[in-house]
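Here is a briefing on strand order, helix packing and aromatic contacts. Please keep the sequence and the model in view while reading.

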Amino acid sequence: MSDPPDATRPDTRVIPTAPPSHLDALELPRFTLEVLEGATPLRWQSDGPLCAIGSHPSNDVVLAHPSISRFHCRVEVSERGARVVDRESTNGTAIDGVRVRDAWLKDGALLMLGSAKLRFAWGQKSVRVALSERRRVGPLVGDSIPMRELFALIERCARSEATVLITGETGTGKEGVAEALHEESGRAGGPLVFLDCGAIPQSLLESELFGHERGAFSGATERRIGAFESAQGGTIVLDEIGELPLDLQPKILRVLEQRTIRRVGGTERISVDVRVIAATRRDVEAEVNAGTFRSDLYYRLAVVRLHVPPLRERLDDMPLLVETLLERLGVSDADRERLSRSAFLRRLRAASWPGNVRELRNALERALVLETDGELPAGVLPSDAPLFDPRIGWADARQAAIDRFERRYLEALLAHHDGNVTRAAQAAGLDRVYLHRLLRRHGLRG
């Protein structure tokens, strides 16, 4: 999405006058949404930077009409302006008669959602969004406004027992957010258990979650404790919750409501004292609209929702990120100095980062391996890799071109299908296991 034109920027917004590191809060303008027709009339005023709109009761603006999807769209406000993002609704979202997926809003713009028409307008007052004073929370680092806003939310959430849903693109650091929530909480002395719902065969997932009794199925020769019991007194992280099969979703919902589990093949209900954190790269609201994810489970998981910004939205963090990643890689002082020069950092800021921080780490490792005579060879950064290198042989050049095609195709394929490997494999005509293998080969899946 391109930068917003000046005409879309609110006259009432407060522009930060201090560098981001000196701000303790961000002042953002309030806005109103007024329902004009097609639904029950109402006038809603924001008290934060986000507004979710749809027919599901968990939305900020609830429009009870058959033409409105359960999670239809959302309005987001930042220091750059306001934008509307469609949630893959059935009947779409339009601004002033033009259908959009992700677009900037002007004062007085008319939003059409199904049969409902709403007017967006800027208010005269502002809302204060807290920013953390810290540059490091758990394994995460950042001093940009998006990250310090996230840090402030982590600090607040860590003090509660609320279930949290972490969203974000691949490689942004969702696991780091989960670690930070655990480390900052009263459960820090207990276990932190990760379970990737997308990496375990569906036939084994229930046993991995809840454990099983001896003889529960062929091969179950001993009783096994599952992830929920292993996390007693601590935190369980259900990674890639969007990959959870429909038949298992009611069982997770029951755990959240009753705080008990039953092992596969068992009859006893076992109490579990755990905090549940879920994470996903997929658009779960769109999955709810499509009927592939239960709305009641989403409602219980997203008590608090934390979104991890992509690297392209936090480029101010590049120097700190590079410094931290090089420190974790254990590089020499000479290499650290070379890869922290302003010219190299400018090249990093100009590159495209579809793999986000994980891809940045890989690029730094390539730079350490491929550096010769103080110069970085082509191909280290995502944006400067040549189509071919005439200095190498035909077979190697051909393989390099194939590797690049595969990576770019897989990135686009995953993005188009919101990280859903099953749907991506079907659309591409690939076996799901083979697609997983390709994704691991190119560092797009762990």
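Axes are lines fitted to C-alpha atoms, for helices over the stretch in contact, and angles run from 0 to 180 degrees between N-to-C directions. Helices (H or I, at least four residues) and strands (E, at least two) are DSSP runs, numbered from the N terminus. This is a predicted model, in which local features need pLDDT of at least 70 and side-chain atom pairs count only at pLDDT 80 or more, while totals for chains, interfaces and linings use all residues. Residues are numbered from 1 along each chain as its sequence is written, and side-chain values use heavy atoms, with hydrogens and water left out.

**Helix α13 against helix α14**

- Helix α13 (residues 421-428) and helix α14 (residues 432-441) cross at roughly 105 degrees, and their axes come within 9 Å.
- α13 and α14 are therefore roughly perpendicular to each other. Angles of 65 to 115 degrees carry that label; under 35 is roughly parallel, over 145 roughly antiparallel, and the rest oblique.
- On the α13 side, Val421, Thr422, Ala424 and Ala425 make the contact; on the α14 side, Arg432, Leu435, His436 and Leu439 do. Contact means heavy atoms within 4.5 Å.
- The residues of this contact of α13 with α14 divide into 5 nonpolar, 2 polar and 1 charged. Ala, Val, Leu, Ile, Met, Phe, Trp, Tyr, Cys and Pro count as nonpolar, Asp, Glu, Lys and Arg as charged, and the others, Gly among them, as polar.

**Helix α1 against helix α2**

- Helix α1 (residues 145-158) packs with helix α2 (residues 174-183) at an angle of about 40 degrees, the axes being 8 Å apart. That makes α1 oblique to α2.
- The crossing of α1 and α2 is right-handed. A crossing is right-handed if the near helix is turned clockwise from the far one by less than a right angle, and left-handed if anticlockwise.
- Leu150, Ile154, Cys157 and Ala158 of α1 meet Val177, Ala180 and Leu181 of α2. The residues of the contact of α1 with α2 are 7 nonpolar, with no polar and no charged ones.

**The antiparallel sheet**

- Strands of a sheet pair through backbone hydrogen bonds, either parallel or antiparallel. Two strands count as paired if DSSP finds at least two bridges between them.
- An open sheet of 6 strands runs in the order β2-β1-β11-β10-β7-β8, with antiparallel pairing. β2 and β8 (98-100) stand at the edges with a single partner strand each, so one side of each has no neighbour in the sheet.
- From one strand to the next, the twist averages 30 degrees.
- Strand β1 (residues 25-37) pairs with strand β11 (residues 116-130) over 11 antiparallel bridges. Val35 stands opposite Leu118 in β11, and the bridge partner of Phe31 in β11 is Trp122.
- β1 also pairs with strand β2 (residues 43-45), antiparallel, over 3 bridges. In β2, Trp44 is the bridge partner of Leu33.
- The hairpin of β1 and β2 has 5 residues between the strands, and Gly38 there takes a positive phi near 85 degrees.
- Strand β10 (residues 110-113) is joined to β11 by 4 antiparallel bridges. Met112 stands opposite Lys117 in β11.
- β10 and β11 form a hairpin with 2 residues between them, and Gly114 in the turn has a positive phi of about 60 degrees.
- Strand β7 (residues 93-95) and β8 run antiparallel, joined by 3 bridges. Thr93 stands opposite Val100 in β8.

**The parallel sheet**

- 5 strands form an open sheet in the order β15-β16-β19-β14-β20, with parallel pairing. Its edge strands are β15 (192-196) and β20 (304-307), each pairing on one side only.
- Neighbouring strands of this sheet are turned by 20 degrees against each other on average, direction ignored.
- β15 pairs with strand β16 (residues 235-239) in the parallel sense over 5 bridges. Phe194 stands opposite Val237 in β16.
- α1 packs on this sheet and touches β19 (275-280) and β20; the direction of α1 makes about 150 degrees with that of β20.

**Aromatic pairs**

- Rings of Phe, Tyr and Trp (its six-membered ring) pair if their centres lie within 6.5 Å; planes under 30 degrees apart count as stacked, over 60 as edge-to-face and the rest as tilted.
- By this rule the count comes to 6 aromatic pairs.
- One of them is the tilted pair of Phe31 and Trp44, with 5.8 Å centre to centre and 55 degrees between the planes.
- This pair links distant parts of the chain: Phe31 lies in strand β1 and Trp44 in strand β2, 13 residues apart.
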